[in-house]
Amino acid sequence: MSESDEYDVIVIGAGAVGENVADYAVRGGLTAAIVENELVGGECSYWACMPSKALLRTPQAVAAARRLPGVNADFDPEAVLVRRDEIASHWHDDSQLRWAEGAGITVVRGTARLSGVRTVTVTDSDGGERTLRARQAVAVCTGSVPVTPPIPGLDEVRLWHSRDATSAHQVPARLGVLGGGVVGVELAQAWAALGSRVTLLVRDPHVLMALEPIAGELVANGLRASGVDLRLETGLDSVKAGTARGAVEGETIETIELRVGDETVVVDELLVATGRRPRTTGLGLADFGLAEDRALEVDDSGQVLGVEGGWLYAAGDVTGRAPLTHQGKYAARIAGAAIAARARGAVPTPVAWSEYAATADHHAVPQVVFTDPQVAAVGRTAEQAAAEGLTVRTVDLDIAVAGSYVHAVDYTGKARMVVDTEREVLVGLTFVGPDVAEMLHAATIAVVGEVPLSRLWHAVPAYPTINEVWLRLLEAYRAKS
């Protein structure tokens, strides 16, 4: 093996998570290589976070403007798609590659598998193989892949998954969406705003079931106001291919027929947004006693449990912990720092809230749903807190303060605060309303810092901003104490 094929750290997967593991390892004085078989920058940059928000941003900016008197705003859907392409770097990773090289990270193109202790074999696009060896650690940062439910006919028709929905260059006349989670609601609303007639099928009684009920309630209203045909407690029974007349005489176009109870809904594209699973197959995990059909279980420093010698790490969606890009990057920073510290001879144990422990994964995960209205949430829901045995009180308020009145005519929003009454600290908070995303970090700091409510009372919100709802929540809590 040549010296050039040895590195201190080898990272499998060059998405945002893998980039951060490698970057923090290099900052800690180590050498690092990343193996990637697609684009450096990964899912978030090209097919998820960035392009999906680009699709949503312009229609939402126009909707926000229209909430003010005297504004007659509009937008060009084609221009939205052009900007989306720019934000996705036209699906070229040149800039990300330059960043990696500038950060001192070697990028190796190809598909990786674990072939021995601290050893990775890379197969390139021509079938050639190259073996890399890590002196310290290998980190698996391969993300997740979509799950397709076992619905009759679904495997016999063309489908959109999230990648297709965020990169499409034509607005389908009719779009079916299956699934009421974050991907389903965001992309249903995005394509409805761009001109599709969208039918959203959700088996559950609410959308966004993992969040507080106020989130599902107001987002459902927002979807319907956007023109989405939202059907709750409605499953997809079967699917088959169909045809229809095209715009040109004699032209036939392919369609998809959705059997929904006694009704057939005809669409031009079908987006399946029914969840994701960790991308673990094909990595050679079985050779190390690890399952290839489930998440990699890690400790809070990112070390994979059950691997002798502690050389294997993982971060991001592949671990099943807090599957959000920002949370994966956080875990990656922790893992990279821990690898570097252990390489120096330190043996950092993942003590809670230290720089070597991703403690926030358990208690303070922030999330934004970029629909209109937005959802901004952090920490535990009331139901989750009670299930953990905490004694909690909730405070529910409409967001009706001077700032919201100025922000929009008929501003509609809600907030829920979840308080651990024994410690008098905030353990969860959810905002739902137009443009609430930028309010989330203050709540995250309060939850992470376990700031006593008595001290939060002295965090005075500026007037007139929507943040004044913080004061109203604290007043409401005190009034009932």
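User: What should I keep in mind about the numbering and the model?
Analyst: Residues are numbered from 1 along each chain as its sequence is written. The model is predicted, and local features need pLDDT of at least 70, while totals for linings use all residues.

User: What is the strand order of the open sheet of four strands, and which pairing does it have?
Analyst: Strands (E, at least two residues) and helices (H or I, at least four) are DSSP runs numbered from the N terminus, and two strands pair if DSSP finds at least two bridges between them. Here the order is 10-9-8-14, with parallel pairing.

User: Why is one side of strand 10 and of strand 14 left without a neighbour in the sheet?
Analyst: Strand 10 (229-232) and strand 14 (269-272) stand at the edges and each has a single partner strand, so one side of each lacks a neighbour in the sheet. Strand 10 pairs with strand 9 (residues 197-202) over four bridges, and Leu 201 has Arg 231 of strand 10 as its bridge partner.

User: Which residues lie nearest the centre of the second largest pocket?
Analyst: A pocket is an open set of points on a 1 Å grid over the protein atoms alone, where a 1.4 Å probe fits, with protein on both sides within 12 Å along at least five of seven lines, and lining residues have an atom within 4 Å of a point. In this pocket, 23 residues form the lining, and Arg 67, Gly 222, Ala 225, Ser 226 and Asp 372 lie nearest the centre.

User: Which helix gives the most to that lining?
Analyst: Helix 3 does, with six residues.

How values were computed
Predicted model: local features only at pLDDT ≥ 70, side-chain atom pairs only at ≥ 80, totals over all residues. Heavy atoms only, no water.
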